[in-house]
Structure formats: structure tokens, C-alpha cells
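Subject: Structure for your attention

Dear colleague,

Please find below the structure that I am handing over to you.

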Amino acid sequence: MSLLDEVVADSLDPSFVAAARRRAAQDNPSSVRRRLSRLLTVVAVAGIGLVLALGGNAASAGALSAGEVREDLITEIERQFLAVDELRRHNEQIRAELAELRRAALSGPARTEDQNELLARIDRLEAAAAAVPVEGRGITIEVRDAPFEDEADFLEPRPEEDDVEVRRVGDRDLQALVNGLFAAGAEGVAVGDYRLTSLSAIRSAGEAVLVDYQPVLPPYTISAIGEPATLEEAVMRGEAGEGLRVLRDTEGVTFDVRRGLQRLPGAGSFDALRYASYAGEPILSSRRPESSESARGRGQ
Amino acid sequence: MIPVLGLILGVVVGFAVSPAVPEELQPYLPIAIVAALDAVLGGLRAVLDGFFDDKVFVVSFLSNVVVAALMVFLGDKLGVGPQLSTGVVVVLGIRIFSNAAAIRRHLLGA
């Protein structure tokens, strides 16, 4: 305790008092001396001001640089997204060319029954696997989260209101909706720009929803091709839209359904071969059986 | 009066020129700021009490800054950096408060 007493009592530096007494006891020091001391004081005080300003600068610069780093990261992310999109487009282009070549190889005036059947099979399977774009009557569902004040809050977890965590539309809700649409007879479904295939996954990372590892942002647009009346009924009153309706009534999520002509993108062909079998006589000439066998070994 | 002008001049120059603090000195900037604030208030109180002396002011300010920086440096080397810094800041803070109270009494009270 005496330490604290000392600190408080000594807050006026005792040297000030002692120096004052000494000054009173002796003659006035020369004015040059006094001027020098005064100058020293001014310099010291200016130094103090400088230090304070430096501190202020450092503090504001720190806050600024954090914001800059974030901005830089965001710019970089957007740039890479664009690059990925470009590569994907390029991929699609090459796939389309391959499909054309395949079709050309299997067509032509001298084509056989087998070739015809193979071509028809490819078409059927591609359509079923959602590999190719498809167009038809259907519905579009737009789902919007409950409104929030600040866009920056979007990625923060929602605050708890009245001890109930306000929920945003999440991956499970979209999964239920999409599954319901398929169950109601949809022939093709896309979420945002991504066509759903038998291998598609709708997941979430934090608060963001990912379709096939691609993020989608609200408002979520789900397009489905099928009998419009049936699909709309399934969403508005049937099982497909049940989860969505509960969200609407309790969390302030809104959605609307529109009928119309839908054009769904294709998901592209799958890169990895999962099933491959020896095709018998090679359809493309000038291939010897040995090279087909090695092809079978590769395409597993 | 002149010292006050000097203070304002220092602040203005600091903001206008915005010199970059060298990397090695950056850890000591916070403690230097607290010591500077303590010196300013201590000097102000001495003036109001009638005891101000230029030499004492300069010497005490410089030595406070040096001792505080030494404590930070020593603390970092010994691994007790945050604790020692806290101690320095607490003591200087108490002095700041006590001097401010005395100044307040001069300006508003007795």
C-alpha cells in the first residue's frame, strides 16, 4: 500500500519543488541560462507533441491496413473466380467439340445399325445424366432470406432473438426443396446456374450455400422443368414446399413461384470414367484389339 | 504559453509530415505515448502549483521515457513483456490521474 501512496504523493515530481526552492535561494540565473532552459522545454514539449501525433498516425494506419488487406483479398478472390469461370467455359467448348467429333464419327452415310443405336443411347444417357442443356416448360422458384439491415452482416451468424436463433435458408432447406421437385416429377432442376445431376451435392460452408462446391448467393433461384401446374402445386401446397412454407411462416423467408419456359444448362459430361467395358468389335476402324484392351485398363 | 505553442507545433508537424516509425522502435511507441502524457500533465500541474522548472521538466520527461522503454525492452527479453508493460502503464496512469485531479482542483476548485 505504501507503494501506491508514494506514487500518488509523488505525482508532482519532488524535483520541481526542490528546484523551485533552490532558485528562490540563489540569485537569478543569467538570462541566457534562462533562455536556454526555456528553449529546451519547448523542444521537449514539441517532441511530446510529435510522439502523440505519431501514435495517432500509427493507430489509424493500423485500422486502415486491415481494411486494405481485406479489400485486396476480395479483389483476388473475384479475379480467381473469373479465371475459373473462363477455364470452365473453355472446358465446355472442348467437350462440345468432342461430342461433335464423336457424332460425326458415328454418323455419315455408311453408318451401321450399331452406330445408330450407340448414337441414340448416347443421347438418351446424356439427357438422363443432365449432361446437356435442356429446355422445356416448368417453374422458377425464387427464395429470399428474411431481410437484414446491413449487407456486411450477411456472413455473420444471425443473432439470437428471443433465445431462438433466426435461421437463414440453408443447404438442408434447398435439398428438401430440390428432392421434393424431383419427387413431384421434375425432369431437370438447376439451382442458380448449376444443373443438378445424380452426383450433385448441396452443402453449406458456414453461412454460405454451395452447390457442387460452387457458392450460390441469395436470392436463390431454383428452376425446374416439368409439368408447371404439378410442380407449382407441390411447392405451394404439397410436400416439396413444406419446409419452405414453414420457413416462410416462422423465419420471414419469402419465396415466389413463376411458371414459364425454362432453359437449364447442362452439367457437362463427367470427367472420371466409372464404368467402362470392352465394346466388342471396335466401331472406329484402324484400332487394333490390343489398344482397346489397354483402353479398358485405363478407363476404370 | 510558449511551451503550449511548442506542443501544438509538435502535434501539427507530426500529423503533417507523418514520419514512419522505424520497425525496431515500434514496440516502444505506446509506452512513450503514456510517458509523454504523464510528462505533459506533470508539467502543467507544476506550472499551476508555481513550481515549474524547465530543466527538471526536460530531465524528468526524458528519463521517464528512457526508463519506461528499458522496462519494456527488459520485459521482452525476460519473457515478462506484457506484465512489465502493464506495471509501467498502471503507475504512469495513476500519476496522470493524480496530476489531472490536482489541475482540476486548481482550475475549478480551491
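How many residue pairs are in polar contact across the interface of chain A and chain B? Please bear in mind that this is a predicted model. Across that interface, the rule finds 3 residue pairs in polar contact, where both residues have a pLDDT of 80 or more.

The side of chain A that touches chain B draws two or more residues from each of these elements of chain A: α1 (2–9), α2 (14–25) and α3 (31–106). Of these, α3(A) gives the most, with 19 residues. Sorted by class, this side of chain A has 20 nonpolar, 8 polar and 4 charged residues.

The rule also finds 1 salt bridge across the interface of chain A and chain B. A salt bridge joins the side chains of Arg38(A) and Asp54(B), with 3.2 Å from N to O.

The extent of the interface can be described in two ways. In terms of residues, 32 from chain A are in contact with 38 from chain B. In terms of area, the size of an interface is often given as the accessible area lost when the parts come together. Here about 3100 Å² is buried between chain A and chain B, and carbon and sulfur atoms give 77% of that area. Ser11(A), Phe16(A) and Ile48(A) supply 20% of the area that chain A buries against chain B, which is more than any other three residues supply.

I turn next to chain A as a whole. Chain A contains 8 helices and 10 strands. It has 300 residues, of which 30% count as buried. Among the contacts in chain A with a separation of 6 or more, 72% are between residues 24 or more positions apart.

Glu126(A) lies in helix α4 of chain A, which covers residues 113–128. Is Glu126(A) buried or exposed? Its relative accessible area is 18%, and a residue is called buried when this value is under 20%; Glu126(A) therefore counts as buried. When its neighbours within four places in sequence are left aside, Glu126(A) is in contact with Arg102(A), Ala131(A) and Val132(A).

Yours sincerely,
A colleague

Key
Residues numbered from 1 in each chain as written. Chains lettered and ligands numbered in written order. Predicted model: local features only at pLDDT ≥ 70, side-chain atom pairs only at ≥ 80, totals over all residues. Heavy atoms only, no water. Contact = heavy atoms within 4.5 Å. Buried area = accessible area lost by both parts, 1.4 Å probe. Salt bridge = Lys/Arg side-chain N within 4 Å of Asp/Glu carboxyl O. Polar contact = N/O pair within 3.5 Å; in protein donor to acceptor, adjacent residues only side chain to side chain. Helix = DSSP H or I, 4+ residues; strand = E, 2+ residues; numbered from the N terminus. Nonpolar A, V, L, I, M, F, W, Y, C, P; charged D, E, K, R; others polar. Buried < 20%, exposed > 50% of the residue type's maximum accessible area, 1.4 Å probe, protein only.
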